[in-house]
Amino acid sequence: MKLKYTAAWVGLTAAAMVTATACGSDGARTAAETADKAVDKADTIMAALTRATDRTEKLGSAEVRTTTELGTGEPVAMDGTYSWGDGYAFDAEMDTEAAQMQELTDSPTVRTLFVGGAYYYDIDPQPAGPLAGKEWMKIDGSAVFGESGAAAMSEAGGEGSPADSMKGLKYASDVEDLGKETVNGKPTTHYRAVLDEQDLGRFKEALKGADSMFDSTFGGGSVTTDVWVGAKNLPVRLKQDFGAMTVTMDFDRWGATKNIVAPPADQVGDLTQEVKDAGLQQG
């Protein structure tokens, strides 16, 4: 198994979570400074985004199609249920070949869970090693974000949902209304917000910490968020760009009720330490 590449894609599937939590930390000072600079148009935009944030947070879950791009090959798609009503979790299908996990499963897709700060991958039982006879592979978030980044995220309650991405927009140093657009066959209004590095607060540890695998990927230090808001003040699409990475989330159905839980412990092989030992959080 190409462990390094596989672990890198673990981080990429986490990208939406990283940018979301990164946007919602040191709020009071930055929000006050932003408010002092606000003009009427910006206030109108922020009012619309606040309504969309409130609706997103209230509904608590959605069926989502997520695409992650690095500009180095084919995008990696994940389709499934994302939940944030009682802690952030998702249950999605991911392309096996794109993740270079063919050595672990014959299935064309890999069922991928995120529960309790850890990633779980549905694999074929292996003949030897930590995955011998196991149905699932586990990699803890600390192997992706580094110990400091994982601690920073834990201090904020471990959240990282689309609702948190929306809430983070209030700290943006620049917001725009880009007008009406049709997305996925739905009429929307396209908004854009930019969060500079100083707006990221303690979550710079997750993105730029010495032991975070995102350190080189994050690049210039700002996060650009585009959101297309449709009927009933709900996002139709959410896109975040930071450094070399772009994550796009398309929302197909809101208020999904699927319960997301971790696999039984006796079916799980934990590769967290192997990933850390390989120094992959640097890669």
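A residue is called buried when its relative accessible area is under 20%, exposed when it is over 50%, and partly exposed in between (1.4 Å probe, protein chains only). The structure is a predicted model, in which local features need pLDDT of at least 70, side-chain atom pairs count only at pLDDT 80 or more, and totals for chains, interfaces and linings use all residues. Residues are numbered from 1 along each chain as its sequence is written, and side-chain values use heavy atoms, with hydrogens and water left out.

Helices (H or I, at least four residues) and strands (E, at least two) are DSSP runs, numbered from the N terminus.

Buried in α4 are Ala 42, Ile 45, Ala 48, Leu 49, Ala 52, Thr 53 and Thr 56. They lie on the same side of α4, because they cover an arc of only 140 degrees around the axis (the arc of the directions from the helix axis to the C-beta atoms). On the other side, Asp 40, Thr 44 and Lys 58 are exposed. After α4 comes Gly 60, with a positive phi near 80 degrees.

Two loops also deserve a look. Most residues other than glycine have a negative phi. Asn 184, in the loop between β7 and β8, has a positive phi near 55 degrees and is partly exposed at 37% relative accessibility. Asn 233, in the loop between β9 and β10, has a positive phi of about 60 degrees and is partly exposed at 32%.
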